[in-house]
Amino acid sequence: LETRPPNIEGKGAITTPDLVRNALRMRPERIIIGECRGGETLDMHQAMNTGPSGSMTTPHANSVRDALSRLETMIMMNGFELPIKAMRQQIASAVDLIIQANRLQGGPRKITSITEVMNMEQDIIVMQEIFRFRQTGVDQNGRAFGQFEATGVRPTFVQRLEAKGVKLPSNMFSERVLLRD
């Protein structure tokens, strides 16, 4: 499904929130929004909380924590006055993982962090980093290189994966495990 601007008479526009609502009526197994930039973020979070599991979207942010702040800001762009705690609770229950990608020195784009969103403690969303990219140097062309490493934290969702028949290596989350670039 794709958005569409209004025609010359100002009619016929199809917005991202329209698409999210219509997609939910189709009873999908997944909803993937290429990029959330505004008020559709609230619709997406409501869909993730009540509809298909495994849905995803892309907000633009400089860090994992910043991604959560951006989601809050975009939800507020919808015009609803939600209390900040309620908004954060909705985000914490809808989002399982945040995968942060950054452009490194010399231009390569790398996943730099895979972080699990755990729960709420008071007014703060609690997260734990599972994997990170550690830059180890720069090659002769000025391009950063490095390695991915586990942080030693076993995510809480592993049990759900295993219950669905997904078997992960037992040492996958060990601090000594390095993943190839």
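1. Terms first. Helices (H or I, at least four residues) and strands (E, at least two) are DSSP runs, numbered from the N terminus. By that rule, isoleucine 99 sits in strand β3, residues 97-103.

2. Ground rules. This is a predicted model, in which local features need pLDDT of at least 70 and side-chain atom pairs count only at pLDDT 80 or more, while totals for chains, interfaces and linings use all residues. Residues are numbered from 1 along each chain as its sequence is written, and side-chain values use heavy atoms, with hydrogens and water left out.

3. Overall layout. The protein chain has 5 helices and 7 strands. Their order along the sequence is α-β-α-β-α-α-β-β-β-β-α-β. The C-alpha trace spans about 60 × 45 × 35 Å along its principal axes. Of the 181 residues, 34% count as buried. Buried means under 20% relative accessible area, exposed means over 50%, and partly exposed is in between (1.4 Å probe, protein chains only). Contact means heavy atoms within 4.5 Å. Among contacts with a separation of 6 or more, 43% come from residues 24 or more positions apart.

4. What share of α2 is buried? The count is 8 of its 11 residues, so α2 is largely enclosed by the rest of the structure. The buried residues are Glu40, Thr41, Leu42, Asp43, Met44, His45, Ala47 and Met48. They pack against α1 (16-25), β1 (32-33), β2 (56-57), α3 and α4.

5. α1 against α2. These helices pack at an angle of about 20°, with their axes 8 Å apart. Axes here are lines fitted to C-alpha atoms, for helices over the stretch in contact; angles run from 0 to 180 degrees between N-to-C directions. The angle makes α1 roughly parallel to α2. Angles under 35 degrees count as roughly parallel, over 145 as roughly antiparallel, 65 to 115 as roughly perpendicular and the rest as oblique. The crossing of α1 and α2 is left-handed. A crossing is left-handed if the near helix is turned anticlockwise from the far one by less than a right angle, and right-handed if clockwise. Thr16, Pro17, Val20, Arg21 and Leu24 of α1 meet Glu40, Asp43, Met44 and Ala47 of α2. By class, this contact has 5 nonpolar, 1 polar and 3 charged residues. Ala, Val, Leu, Ile, Met, Phe, Trp, Tyr, Cys and Pro count as nonpolar; Asp, Glu, Lys and Arg as charged; the others, Gly among them, as polar.

6. α2 against α4. Helix α2 (residues 40-50) packs on helix α4 (residues 84-94) at about 55°, with the axes 9 Å apart. The two are therefore oblique to each other. Their crossing is left-handed. On the α2 side the contact uses Leu42, His45, Gln46, Met48 and Asn49; on the α4 side, Gln90, Ile91, Ser93 and Ala94.

7. α3 against α4. Helix α3 (residues 64-76) and α4 pack at an angle of about 120°, with axes 11 Å apart. That makes α3 oblique to α4. The crossing is right-handed. Leu68, Leu71, Glu72, Ile75 and Met76 of α3 touch Ile84, Met87, Arg88 and Ile91 of α4. This contact has 7 nonpolar, no polar and 2 charged residues.

8. Aromatic pairs. The structure holds 2. Rings of Phe, Tyr and Trp (its six-membered ring) pair if their centres lie within 6.5 Å; planes under 30 degrees apart count as stacked, over 60 as edge-to-face and the rest as tilted. One of the pairs is phenylalanine 131 with phenylalanine 173: centres 5.7 Å apart and planes at 40°, so the pair is tilted. Phenylalanine 131 is in β5 (residues 124-138), and phenylalanine 173 is in the loop between α5 (158-163) and β7 (178-179), 42 residues apart. Phenylalanine 131 is buried, at 9% relative accessible area. Phenylalanine 173 is buried too, at 9%.

9. Leucine 1. It lies in the segment before α1. Buried or exposed? Leucine 1 is exposed, with a relative accessible area of 74%. Not counting residues up to four places away in sequence, leucine 1 touches Leu19, Ala23 and Met26. Its C-alpha is 9.3 Å from that of valine 20, 19 residues along the sequence.

10. Back to isoleucine 99. Leaving aside neighbours within four places in sequence, isoleucine 99 contacts Ile111, Ser113 and Ile114. Its C-alpha is 9.9 Å from that of glutamate 129, 30 residues away along the chain.
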